[in-house]
Amino acid sequence: MTPLVLATALTKTYGTHDALRALDVTVAQGSRFVVLGHNGAGKSTLLEIIATLRTPTSGSVRVGGFDTVTQARDARRLIGLAPQSNALDPLASPTEVLDFQGVALGLGRRRRARRTRELVDLFGLGEHRSARVAKLSGGTRRKLDLAVALVAEPAVVILDEPTTGLDPLARIDFWTELTRLNQAGTSLLISTQDLHEADVLATDIAVLREGRVVAQGPPASLKQRVGARTLTLDLSGAAAAAAFAAASEAGFRADPDRPDRVRLSVPDDPRALAKALTEAGDAAAEITRLHLAEPSLDDVFVALAAR
Amino acid sequence: MLPLAVAPPRRSPAPVVLAAIRRSTRAVLRTPALLVAPVAQSLFFLLVYAGQLDAVGGTYLDGTSFIAFLLPLILLTGVATGAGAAGTLVLGDITSGYLDRLRLAHGSTTPFLVGPVVAALIAVVLQMAVTVAGAALIGYRPASWPGVAGMLLLMLALGLGVALLSMALAIRSASAPATNLVTLAVFGLSFFTGVFAPVDQLAGWMRVIATVNPLTYIVDTARQLGGGTSLTAAPVGVAAIVTLAVAGTAACALALHHARKNR
């Protein structure tokens, strides 16, 4: 896919602290790109530089081919931003906030009115259109936040920890909105500490640690990097498990914590998996439970970000 | 070039400035603390001071009504409180990240700073109108209404300086206590003028302080405008207001420059 955002050798220093260190990131057009990292890893700084809100100490970022420092004005026209907190006018109503954003963007009256109507409908804000933002629930405010980022129909929407503070249902609802938006053609650049959120949303992930990208790629490839699938069999007893492990050519090993259980790390080779399943099939009468576990983003995070 | 959705190029800044003024005015009108509190404070001082000292003041003011003497100072304290709303509004937009978002959308912060200043001045005009009406109800009779209009314009110009300075502090500090310093300073200094009596009738150290206090000349110019007398205090009073407004503008420019440099 074509790169929409290209950060090259990006460094940002605050005093003596290096928030970003010669970081390279490529965000493909049409992707849902998630930046993962613990507190202070540099996620927000990276997003703020891409959004033209901060200037890099060295290196460069191009959005849609425009440099975010020397061609900031052009780059900004491609970006919608939903910052970490609900950056909204608490005393205005949703329609007033959307209209004002349209004014700030230089849209004419008719286009503003049309866009406000469209976004109110798209995010189901109709019943709240006249309520003050301060009175809205966290989930509704977050939807409005996203709607404001979309007023200009940007090519990429940047969301900094978008579901922090939302209840589980509101989070799922918000993820659905983001996926729908992405399917309609908008690229998403999201920072989060929530591994489940990253797993649900990401088509690509960059893991940041101490201002550096320590891994970047699709979630599946990152998972493969940090571990293999594990096939676990629970057998009818300790003796059966020991006999099974002893006879296994696929490499099943007894679980030291559970005498009735055997495990196998299945390499990324279909023949190895077939062999393991054949052995399991031969012992089917003794097996009480079979479980195939993929490595999770938790494993990725522990292995890469929190090292 | 990529086939990207692109927002239209920006037009003149005028619609953005007007919309920012409307938005900030709406915010002031929807925030009782910003609009009602200064009015209540002005009316409180007016009623308490006039009620307690009107008869006494009449004995040493050479025929000037005590309420007419008191009114400019009451207006000044109201302006100090009311114009500080500009800083409060900008501070809210800075701390929530909304100002960054608007800057990203428009490309410049300036229109979104003009809005709060104008809105604060609109609030100041409303506060002064209510205060003058309140004074009229308890016996204030100006020598000339054009003189009263001049007094209000003078106070409005002072309000501009206060608004700009409070906004500069909001941008530079992003902290509420620092933003409120200008209001506190002007409010406090206003009591080191001839509050209840002309400066030449004050005694000792208070007279010295009042003589060097620039607010004394602003209050005296307002009294002279309201009373229709010779504007002897005007050169220093107007110079003080112009200095405050210029300092406020420069402080805003410096604060914005500092913010840009530290991005």
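1. Just after α11(B), Gly228(B) adopts a positive phi of about 70°.

2. Because 12 of its 14 residues are buried, α11(B) is largely enclosed by the rest of the structure; buried means that 20 or more other C-beta atoms, placed from the backbone, lie within 10 Å of the residue's own. Among the buried residues are Tyr217(B), Asp220(B) and Arg223(B), and the cover includes α3, α7, α9, α10 and α12 of chain B.

3. Helices α4 (residues 85-96) and α6 (residues 110-137) of chain B pack at an angle of about 145°, with their axes 8 Å apart. Residues on both sides make the contact (C-beta atoms, placed from the backbone, within 7 Å), including Leu89(B) and Asp93(B) of α4(B) and Phe112(B) and Val117(B) of α6(B). By class, this contact has 11 nonpolar, no polar and one charged residues.

4. On confidence, chain B averages a pLDDT (the predictor's confidence in each residue, from 0 to 100) of 89, with 96% of the residues scoring at least 70, while the model scores ipTM 0.85 and pTM 0.81.

5. Residues are numbered from 1 along each chain as its sequence is written, and chains are lettered from A and ligands numbered from 1 in the order in which they are written. As this is a predicted model, local features need pLDDT of at least 70 and side-chain atom pairs count only at pLDDT 80 or more, whereas totals for chains, interfaces and linings use all residues.

Terms used: Helix = DSSP H or I, 4+ residues; strand = E, 2+ residues; numbered from the N terminus. Contact = placed C-beta atoms within 7 Å. Axes fitted to C-alpha atoms, helices over the stretch in contact; angles between N-to-C directions. Nonpolar A, V, L, I, M, F, W, Y, C, P; charged D, E, K, R; others polar.
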